[in-house]
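Please look over the sequence and the model that follow. This report then goes through the structure part by part.

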Amino acid sequence: MGWRSKAKAAIIICRWGSWPAWFPLVLRSMEPNRDFSFQLISDVRPDVPLPPNVHYHAVSLADLVERFRKAIPSFTLAPADLEPHALLHLRGGITMSAAKINDLKPMLGLALSDILAPYKWWGWVQEDVVLGNLSACVPSSLLSESDVISPRREKAIGTFMLFRNNESVNNAWRKSRDHARVVSDPDYMIFDEGWGKSHDALPIVLGREAHAGTLRIANNFSLKQLEPRSPGAVRLRAFADDSNDIDINKTPLLLCWDRGSLYLNLRNGPERHAASTDYTSMPCLGAANPARRSYEEVRVSPQPDPWPPRARGGDG
């Protein structure tokens with residue numbers, strides 16, 4: 001047995017070329033999540049200080065391809081195939097980057113096995129996701145009774161996933177009828193989420209295996225167990241998706257991280273799908289009494305802000 005980490009899981013963030021301007025904020029939201037270890041897989045180290053639970057690994061696309069080839073003999077893609085060189089055109093005039101690397105997220109457990117070896121769980125998160133309290137969303141009890149954890153009703157999603165780090169779960173993707181094409185065809189099939197060209201994508205495979213009783217999936221979390229019991233407590237929301245709550249083309253999404261809590265400008269009640277433009281009670285904008293607020297709260301940490309104003313890595 002090798003060294004075993006006390007962290008609940010290793011969470012992978014992949015990015016090549018550069019890190020986005022908002023990434024210091026993402027790093028800041030990772031720091032209070034001491035129960036998790038974050039692994040940055042990139043050819044560029046972020047130019048801001050990394051929290052102690054965030055680790056950078058210098059891995060170029062060529063390095064990653066070599067790792068895939070060693071772990072998966074049928075892998076024939078080249079480094080250029082993994083670059084985000086195309087756009088998907090979606091309904092409503094929306095376009096998004098079509099990076100083939102997203103198809104390969106389910107195989108990272110094999111390609112990065114040396115990095116993930118000390119951890120009982122591994123997963124991924126996108127570099128544009130601001131994190132709340134992961135331990136509240138993923139308590140130890142949920143880990144003990146699950147093999148795969150998805151934050152939404154879908155069996156798999158590209159923004160955030162967790163997998164038990166064992167041979168059976170890490171190779172579940174091989175049970176897809178499309179698995180050979182996914183690791184050889186440069187075309188982006190959206191295999192990780194299942195709404196693209198793959199007709200037997202990861203969500204379908206995981207659902208089939210769960211139905212057969214070969215693995216256990218926790219998804220579409222019940223929030224009842226996560227809500228505070230004390231009268232008048234602010235409701236705890238496990239996972240928030242701005243695309244489901246507001247029209248960001250009409251109303252800007254505002255996030256406020258203050259003393260271990262993350263606030264969103266979302267309405268409660270019947271109008272909760274319309275964002276509020278009244279930001280006066282947001283604590284980071286100088287609210288006189290932050291306790292009297294009408295906004296949903298996603299608790300990040302009960303401890304004081306561990307990042308003083310002048311040590312925030314450039315996020316302002």
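## Asp 103 and its contacts

In this predicted model, Asp 103 touches Val 182, Asp 187, Tyr 188, Met 189, Ile 190, Phe 191 and Asp 192, not counting residues up to four places away in sequence. Asp 103 lies in the loop between β5 (95-97) and α3. Is Asp 103 buried or exposed? Its relative accessibility is 0%, so Asp 103 counts as buried. Leu 82 is 21 residues from Asp 103 along the chain, and the C-alpha atoms of the two are separated by 9.4 Å.

One of the residues that Asp 103 touches is Ile 190. Ile 190 sits in the loop between α8 (179-182) and α9. With a relative accessible area of 4%, Ile 190 is buried as well. Now look at its backbone. Most residues other than glycine have a negative phi. Ile 190 is not a glycine, yet its phi is positive, at about 55 degrees.

## The whole protein

The protein has 316 residues, and 49% of them count as buried. Its secondary structure comes to 10 helices and 12 strands.

How much of the contact count comes from residues 24 or more positions apart? Among contacts with a separation of 6 or more, such pairs account for 65%.

## The nonpolar cores

In soluble globular proteins, nonpolar side chains tend to be buried together. Here, the largest nonpolar core has 44 residues. Which of them touch the most other members? They are Leu 64, Phe 68, Leu 104, Met 107, Phe 163 and Leu 206. Several elements each supply at least two residues of this core: β1 (9-14), α2 (61-71), α3 (108-111), α4 (113-116), β6 (121-125), β8 (160-164) and α9. The largest share is four residues, and it comes from α2. A second, separate core has 26 residues, including Phe 36, Phe 38, Leu 134 and Leu 143.

Take Phe 163 from the largest core. Leaving aside residues up to four places away in sequence, Phe 163 touches Lys 120, Trp 121, Trp 122, Gly 123, Trp 124, Asp 147, Val 148, Val 169, Leu 202 and Leu 206.

Start with α2. Its residues Leu 61, Leu 64, Val 65 and Phe 68 are buried. Why do they lie on the same side of α2? They cover an arc of only 100 degrees around the axis, and therefore share one side of the helix. An α-helix has 3.6 residues a turn, so residues three or four places apart point the same way. The buried residues of α2 pack against α3.

Next comes α9 (202-212). In this helix, Leu 202, Pro 203, Val 205, Leu 206, Gly 207 and Glu 209 are buried. The buried residues of α9 pack against β6, β7 (148-149), β8 and β9 (217-218). Just after α9 comes Gly 213, which has a positive phi of about 85 degrees.

## Cavities

Rolling a probe the size of a water molecule over the atoms shows where empty space is left. How many cavities of 30 Å³ or more are there? The count comes to two.

The largest cavity has a volume of about 50 Å³. Pro 106, Trp 122, Phe 163, Val 169, Asn 170, Ala 172, Trp 173, Leu 202 and Leu 206 line it. By class, the lining of the largest cavity has eight nonpolar residues, one polar and no charged. The second largest cavity has a volume of about 30 Å³. Its lining is made up of Ser 168, Ala 172, Lys 175, Glu 209, Thr 214 and Leu 215. These divide into two nonpolar, two polar and two charged residues.

## Arg 34

Finally, find Arg 34 in the loop between α1 (23-30) and β2 (36-42). Its relative accessibility is 46%, so Arg 34 counts as partly exposed. Lys 8 is 26 residues from Arg 34 in sequence. In space, the two are 9.2 Å apart, C-alpha to C-alpha.

Notes. Residues are numbered from 1 along each chain as its sequence is written. This is a predicted model: local features need pLDDT of at least 70, side-chain atom pairs count only at pLDDT 80 or more; totals for chains, interfaces and linings use all residues. Side-chain values use heavy atoms; hydrogens and water are left out. On a 1 Å grid over the protein atoms alone, a cavity is a set of points where a 1.4 Å probe fits but cannot get out, and a pocket is an open set with protein on both sides within 12 Å along at least five of seven lines; lining residues have an atom within 4 Å of a point. Grid points are joined across faces, edges and corners, and a volume is the space filled by probe spheres set on the points. Ala, Val, Leu, Ile, Met, Phe, Trp, Tyr, Cys and Pro count as nonpolar, Asp, Glu, Lys and Arg as charged, and the others, Gly among them, as polar. A nonpolar core is a set of buried Ala, Val, Leu, Ile, Met, Phe, Trp, Tyr and Cys residues joined through side-chain atoms within 4.5 Å. Buried means under 20% relative accessible area, exposed over 50%, partly exposed in between (1.4 Å probe, protein chains only). Contact means heavy atoms within 4.5 Å. The arc is that of the directions from the helix axis to the C-beta atoms.
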